Amino acid sequence: MGNIPTNITREHILAVIHELEHGLDSVPPREHSTKYCLLYNGKHYPPKYVVRRANVRANGEELWSHYGGPETNDFLRTRRFDTIECPHGGTRFD
């Protein structure tokens, strides 16, 4: 899994999704996905951003050294999340 710490759990990721859903965090425009989306409860989230923020919960710092795409998608899938090619050309919160 490359540079993504393995101690990031499904619960860390769910906490980030919860913050995004309830307006407690927002995705900066430069962090929106262009190719892949994390699909959860019918909504799309940028996988790399979610993993980066989950690392803050797990390890106290943002994660900048990992790649998006297969590395991030595989990591999320091992934690029982779905990743898909983004419809509409990028993430939307709808």
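These questions and answers walk through a predicted model of one protein.

Reader: How many helices and strands does the protein have, and in which pattern do they follow along the sequence?
Author: The secondary structure comes to three helices and three strands. Read along the sequence, these elements follow one pattern, α-β-β-α-α-β.

Reader: What is the order of the strands in the sheet?
Author: E1, residues 36-40, pairs with E3, residues 82-85, over four antiparallel bridges. E1 also pairs with E2, residues 43-45, over three antiparallel bridges. The edge strands are E2 and E3, and each pairs on one side only. The open sheet of three strands therefore has E1 between its two partners, as a pair needs at least two bridges, and the order is E2-E1-E3.

Reader: How far does the sheet twist from one strand to the next?
Author: The sheet is open, with three strands in antiparallel pairing. From one strand to the next, its twist averages 45°.

Reader: Which residue in E2 is the bridge partner of Leu39?
Author: E1 and E2 pair in the antiparallel sense over three bridges. For Leu39, the bridge partner in E2 is His44.

Reader: How many residues lie between E1 and E2 in the hairpin, and what is the phi of Asn41 in the turn?
Author: E1 and E2 form a hairpin with two residues between them. Asn41 is found in the loop between these strands. Asn41 is not a glycine, yet its phi is positive, near 50°.

Reader: Why does Asn41 count as exposed?
Author: A residue is exposed when its relative accessible area is over 50%. Asn41 passes that cut-off, so it counts as exposed, at a relative accessibility of 61%.

Reader: At what angle do H2 and H3 pack, and how far apart are their axes?
Author: Two packed helices are described by the angle between their axes and by the distance between the axes. H2 covers residues 47-59, and H3 covers residues 70-78. H2 passes H3 in a left-handed crossing. The angle is about 65°, and the axes are 9 Å apart.

Reader: Which residues of H3 meet H2?
Author: On the H2 side, the contact is made by Pro47, Lys48 and Val51. The residues of the contact divide into four nonpolar, two polar and one charged. On the H3 side stand Thr72, Asn73, Phe75 and Leu76.

Reader: Which elements does H2 lie across, and at what angle does H2 run to E1?
Author: H2 lies across two strands, E1 and E2. To E1, H2 runs at about 65°.

Reader: Which residues of H3 are buried, and what covers them?
Author: The buried residues of H3 are Glu71, Thr72, Asn73, Phe75 and Leu76. Phe75 and Leu76 are among the H3 residues that meet H2. The cover over the buried residues includes H1, E1, H2 and E3.

Reader: What part of the contacts joins residues 24 or more positions apart?
Author: Take the contacts in the protein with a separation of 6 or more. Of these, residues 24 or more positions apart account for 70%.

Reader: What percentage of the residues count as buried, and what percentage of the exposed area comes from carbon and sulfur atoms?
Author: The protein has 94 residues, and 43% of them count as buried. It exposes about 5,200 Å². Carbon and sulfur atoms supply a stated part of that area, 48%.

Technical notes
Residues numbered from 1 in each chain as written. Predicted model: local features only at pLDDT ≥ 70, side-chain atom pairs only at ≥ 80, totals over all residues. Heavy atoms only, no water. Axes fitted to C-alpha atoms, helices over the stretch in contact; angles between N-to-C directions. Left-handed = near helix turned anticlockwise from the far one by under 90°. Contact = heavy atoms within 4.5 Å. Nonpolar A, V, L, I, M, F, W, Y, C, P; charged D, E, K, R; others polar. Buried < 20%, exposed > 50% of the residue type's maximum accessible area, 1.4 Å probe, protein only. Areas by Shrake-Rupley, 256 points an atom, 1.4 Å probe, with all protein chains shown as cover.
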